[in-house]
Structure formats: C-alpha cells, structure tokens
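Biologist: Please show me the structure, and then let us go through its architecture in questions and answers.

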Amino acid sequence: MILFGWFKGLPYNHCNECFEYFREFHNSIPKEKVIAHIETLEAGYACVESFDIFTGEKLIAGEYIDGDFGFPMEFLHYYKNYDIGIPYEYEEYLKQILK
C-alpha cells in the first residue's frame with residue numbers, strides 16, 4: 001500500500017508528511033477529473049474529529065483506498081481548496097484507469 005496525503009496536523013498517528021511538499025507536484029491530468037474520480041470512491045469513515053490545519057474548518061475524517069493507494073478523506077478537501085497536486089505515482093495509476 002502506498003500512502004500519501006497524511007499531513008502533519010491531521011488527527012491520525014502516522015501523519016508526518018509536509019503539506020508544502022505537495023505544492024511541488026504539477027500534474028498533467030486536469031484537477032477536475034481527479035476530483036470526480038476520488039468522489040466515486042467508497043470512503044472508510046474514522047471516529048475522530050478532524051479540522052483544516054489552516055482554517056480550523058471541521059472536516060470529515062476517514063480514508064480512501066484506490067488500488068494500491070491510500071489517503072485520508074481530508075486530502076480531497078485540501079486538493080480542492082489549495083494549490084497542491086497528487087504524487088506522480090498516483091497520477092500514473094489514474095492515467096491507466098481514467099478515460
């Protein structure tokens with residue numbers, strides 16, 4: 001399992017990724033297409049409170065699994081609302097399954 005998007009400040013034990021690192025990803029798949037795909041995934045909800053690490057906005061906690069990739073549900077919020085990209089490994093996977 002390849003995990004990503006577990007930013008420092010999220011309410012999980014294994015959150016050690018730097019949010020700023022994701023600003024370096026510049027993807028070729030349109031963001032809207034990635035968002036539409038993620039929104040079709042089944043979510044595994046978590047029983048913890050989660051808040052936007054910048055604004056304090058309450059978020060829904062949980063995890064998405066997509067093939068060999070796992071990322072927190074909060075990642076979609078950040079991807080929609082901030083200038084970040086997805087890891088290139090995940091982008092290559094999406095290129096194979098998105099039409």
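This is a predicted model: local features need pLDDT of at least 70, side-chain atom pairs count only at pLDDT 80 or more; totals for chains, interfaces and linings use all residues.

Biologist: Which residue in strand 6 is the bridge partner of isoleucine 2?

Modeller: Strand 1 and strand 6 are paired in the parallel sense. Within strand 6, the partner of isoleucine 2 is phenylalanine 69.

Biologist: Which residue in the turn between strand 5 and strand 6 has a positive phi?

Modeller: Strand 5 and strand 6 pair in the antiparallel sense, and one of their bridges places glutamate 63 with proline 72. The two strands form a hairpin with 2 residues between them. In that turn, the residue with a positive phi, of about 60 degrees, is glycine 67.

Biologist: Which residues of strand 6 point the other way from Phe69 and Phe71?

Modeller: Phe69 and Phe71 point one way from strand 6. Residues on both faces of the strand are buried. Those pointing the other way are Gly70 and Pro72.

Biologist: Against which elements do the buried residues of helix 1 pack?

Modeller: The buried residues of helix 1 are Val34, Ile35, His37 and Ile38. They cover an arc of only 160 degrees around the axis, so they lie on the same side of helix 1. The elements they pack against are strand 5, strand 6, helix 2 and helix 3.

Biologist: Which residues of helix 3 are exposed on the side away from its buried residues?

Modeller: Tyr90, Glu91, Tyr93 and Leu94 are the buried residues of helix 3. Their arc around the axis is only 160 degrees, which puts them on the same side of helix 3. These buried residues pack against helix 1, strand 5 and strand 6. On the other side, the exposed residues are Glu89 and Gln96.

Biologist: How do the residues of the contact of helix 1 with helix 3 divide into nonpolar, polar and charged?

Modeller: The two helices pack at an angle of about 80 degrees, with their axes 12 Å apart. That angle makes helix 1 roughly perpendicular to helix 3. Val34, His37 and Ile38 of helix 1 meet Tyr90, Leu94 and Ile97 of helix 3. The division is 5 nonpolar, 1 polar and no charged.

Biologist: Is aspartate 83 buried or exposed?

Modeller: Aspartate 83 is found in the loop between helix 2 and helix 3. Its relative accessible area is 60%, and the cut-off for the exposed class is over 50%. Aspartate 83 is therefore exposed.

Biologist: Which residues does aspartate 83 touch, not counting those up to four places away in sequence?

Modeller: Aspartate 83 lies 57 residues from histidine 26 in sequence, with a C-alpha to C-alpha separation of 9.7 Å in space. With residues up to four places away in sequence not counted, aspartate 83 touches Arg23 and Lys31.

Key
Residues are numbered from 1 along each chain as its sequence is written. Side-chain values use heavy atoms; hydrogens and water are left out. Buried means under 20% relative accessible area, exposed over 50%, partly exposed in between (1.4 Å probe, protein chains only). Helices (H or I, at least four residues) and strands (E, at least two) are DSSP runs, numbered from the N terminus. The arc is that of the directions from the helix axis to the C-beta atoms. Contact means heavy atoms within 4.5 Å. Axes are lines fitted to C-alpha atoms, for helices over the stretch in contact, and angles run from 0 to 180 degrees between N-to-C directions. Angles under 35 degrees count as roughly parallel, over 145 as roughly antiparallel, 65 to 115 as roughly perpendicular and the rest as oblique. Ala, Val, Leu, Ile, Met, Phe, Trp, Tyr, Cys and Pro count as nonpolar, Asp, Glu, Lys and Arg as charged, and the others, Gly among them, as polar. Two strands pair if DSSP finds at least two bridges between them.
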